[in-house]
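Hi everyone, thanks for coming. Let me put the structure up, and then we'll walk through a couple of pieces of it together.

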Amino acid sequence: MRYVIPPPAIPSLPVLGSDDRFPVRRIFCIGRNFADHAREMGATVDREQPMFFCKPADAVVTDGADVPYPTATAELHHEVEMVVALAGGGRDLPAGLAGTLIFGYGVGLDLTRRDLQAQAKAKGHPWDVAKAFDHSAPVSALRPAGSARPGPQTRLSLEVNDVLRQQATLQDMVHDVPAIIAALSKLFELKPGDLLFTGTPAGVAALHRGDRFRAELEGIAVLEGRIA
């Protein structure tokens, strides 16, 4: 097959303990999945139906690369999240099958142009320009599920310039990973290579050029980087 232009590179993430890479197909994100964060944003929590949005696969930043400060915003905010990488998929999946689909886990930042998000909300517009911009999804290396799995007491945290900004345990999630996978598979056919950003706790705040961040999913993954 000949392409009329060179095909784009496949975004990928490193895998801990291996030279292999995990190819990224899609990035699905869940909003308002920690009640304290929903409250700080002035929103209510829907415990029946998760709220989803997407980022492009090529928004990932990995391998310790600097994160460029985005254009068109004066309020770049951090949202630390557990990231789940899928090795299987399907439609209308039962929650009990979720564990068999997971390749591994990581930690990432759902970077947000907060001022553009506020403008979109005020006008009833979609959030795409606030969430799906270039370099908006820094992600750590993935730890295969066979070597370690997070539990309810696993701590999720973010430090910026050595100051703690966000922390929670996974038991604070409104919708757990099996419920997220089951609900998402009713809206999309999930496939190997998909990433799930599973929500952020309270404490979101601004990032500035030169800031250094350290995100951690305790015992599983660490993401360190700098805003350039």
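Let's start at a turn: in the hairpin of E15 and E16, three residues sit between the strands, and Gly219 there has a positive phi near 75°. Before I go on, this is a predicted model, where local features need pLDDT of at least 70, side-chain atom pairs count only at pLDDT 80 or more, and totals for chains, interfaces and linings use all residues. Residues are numbered from 1 along each chain as its sequence is written, and side-chain values use heavy atoms, with hydrogens and water left out.

A word on names: helices (H or I, at least four residues) and strands (E, at least two) are DSSP runs, numbered from the N terminus. Two strands pair if DSSP finds at least two bridges between them.

So what does E15 pair with? E15 and E16 (residues 221-226) run antiparallel over six bridges, and Arg212 has Arg226 in E16 as its bridge partner. E12 (residues 155-160) also pairs with E15 in the antiparallel sense, over five bridges, with Leu156 opposite Leu217.

Now the faces. In a regular strand, side chains alternate between the two faces of the sheet. In E15 (residues 212-217), Phe213, Ala215 and Leu217 make up the covered face, while Arg212, Arg214 and Glu216 make up the uncovered one.

Last stop, helix H4 (residues 177-184). Six of its eight residues are buried, so H4 is largely enclosed by the rest of the structure. Buried means under 20% relative accessible area, exposed over 50%, and partly exposed in between (1.4 Å probe, protein chains only). Among the buried ones are Val177, Ile180 and Leu184.
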